[in-house]
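Please load the model in your viewer and keep the sequence panel open beside it.

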Amino acid sequence: MVLEHRPVPAPADDELLVRVRACGVCRTDLHVAEGDLPVHRPGVVPGHEVVGEVVALGAAVTGFSLGERVGVAWLRGTCGECRYCLAGRENLCPYSVYTGWDEDGGYAEFATVPADFAYRLPEGYPDEKLAPLLCAGIIGYRALRRAELPDGGRLGIYGFGASGHLTAQVALAAGAHVSVFTRSPHARELALDLGVAWAGGAADRPPEPLDAAILFAPAGELVPPALEALDWGGVLVLAGIHLTDVPPLNYQRHLYGERTVRSVTANTRADGAEFLGLAARVPLRVRTTAYDLGAADHALADLAEDRVTGAAVLLSA
Ligand SMILES: [Zn+2]
Ligand SMILES: [Zn+2]
């Protein structure tokens, strides 16, 4: 990444201009920066967990006011007309566009967002703690819903970074029995501190079979052990936008007994609104490490090397 001066963007008629106060660093930014995802906009400004203040309104915007705190997230446009959009599955819209990939995002002092895709944010959280909710939190929430965990069920969480530590708290608040799998001793410590029942190594056997598991680590080699850890009838949810190759599976060991594998693809605005509503009712302990905006490269490198416990967040001066 390079640090450079660009003009303050002008909001289109349907957009808000936001002065960025905090922007979370998501693993997807790393995939964009490192070319794991195809380039959609050369020289794009990454960042899609933006918390900021509305400083200008496009001519056609209603319902927002200057000075209001808003969130800008990954999904920033859908066609509204395709069969997915019409069925309430806009996360699958083939014409969707994304913040920090198709359009400039929040590793900047200013960002724009279509008003229809801006989020109102819960009270009670400082900017730094809200930022990770906007992708890590929302995606984790969607993944948890797709896991279809029964009441009081046994959930495994593979990878315990920004998304994992938020999702664990949502599951715990709903009465789940949570096991955490991570190679990071700091993350295991955080997990136990948050109240999970068990925390072990990345591919360890859990003490009891799982009703559902969510894989947040971008490591395809964890799919077979995660499937083996499932009870019969269990569900494994793959929550990342990018996963390294999955090794060959053995039908008896990994799939038989009606075990299910499913992916998560982005989220709908309804997922976002539901999760942020939940965060307003259930106080989440958001573990963050703050960096100056100018140290974005450093934050990404720390994320790549597993040196961040919780979520990295860039703060504007
Ligand atoms: Zn569509
Ligand atoms: Zn993200």
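Is strand 1 (residues 15-25) largely enclosed by the rest of the structure or exposed, and why? Select residues 15-25: 10 of the 11 residues are buried, so strand 1 is largely enclosed by the rest of the structure. Here a residue is buried if 20 or more other C-beta atoms lie within 10 Å of its own, exposed if 12 or fewer, and partly exposed in between, with C-beta atoms placed from the backbone. Helices (H or I, at least four residues) and strands (E, at least two) are DSSP runs, numbered from the N terminus.

Before going further, note that this is a predicted model, in which local features need pLDDT of at least 70 and side-chain atom pairs count only at pLDDT 80 or more, while totals for chains, interfaces and linings use all residues. Residues are numbered from 1 along each chain as its sequence is written, and chains are lettered from A and ligands numbered from 1 in the order in which they are written.

**The partners of strand 1**

Strand 15 (residues 311-315) pairs with strand 1 in the antiparallel sense over 4 bridges, and Val 313 is the bridge partner of Gly 24.

Over residues 13-123 the chain is 11% helix and 32% strand, and the end C-alpha atoms are 28 Å apart.

**Helix 1**

Next, select helix 1 (residues 27-34), in which Arg 27, Thr 28, Asp 29 and Val 32 are buried. The buried residues of helix 1 pack against strand 1 and helix 10 (296-304), contact being counted where C-beta atoms, placed from the backbone, lie within 7 Å. Just after helix 1, Gly 35 takes a positive phi of about 85 degrees.

The domain assignment, which is automatic or from a database, gives domain 1 (15-134 + 287-315) and domain 2 (137-263). Their centres, taken over C-alpha atoms, are separated by 26 Å. The contact takes 16 residues from domain 1 and 13 residues from domain 2, and helix 1 supplies the largest share of the side of domain 1 that touches domain 2, 3 residues.

Now show the largest nonpolar core, which has 95 residues; a nonpolar core is a set of buried Ala, Val, Leu, Ile, Met, Phe, Trp, Tyr and Cys residues joined through C-beta atoms within 7 Å. Among those with the most contacts inside the core are Val 18, Leu 155, Ile 157 and Ile 214. Both domain 1 and domain 2 give residues to this core, so it lies between them.

Which strands form the open sheet with parallel pairing? Its 6 strands follow the order 10-9-8-11-12-13, and the edge strands, each pairing on one side only, are strand 10 (198-200) and strand 13 (260-263). Within this sheet, strand 8 (residues 154-158) runs parallel to strand 11 (residues 210-215), joined to it by 4 bridges, and Ile 157 stands opposite Ile 214. Leaving aside neighbours within four places in sequence, the contacts of Ile 157 include Gly 164, Val 178, Phe 181 and Phe 216.

**Last stop: Gly 201**

Finish at Gly 201, in the loop between strand 10 and strand 11. With 13 C-beta neighbours inside 10 Å, Gly 201 counts as partly exposed, and, not counting residues up to four places away in sequence, it touches Phe 181 and Arg 183.

Conventions. Two strands pair if DSSP finds at least two bridges between them. Two residues are in contact if their C-beta atoms, placed from the backbone, lie within 7 Å.
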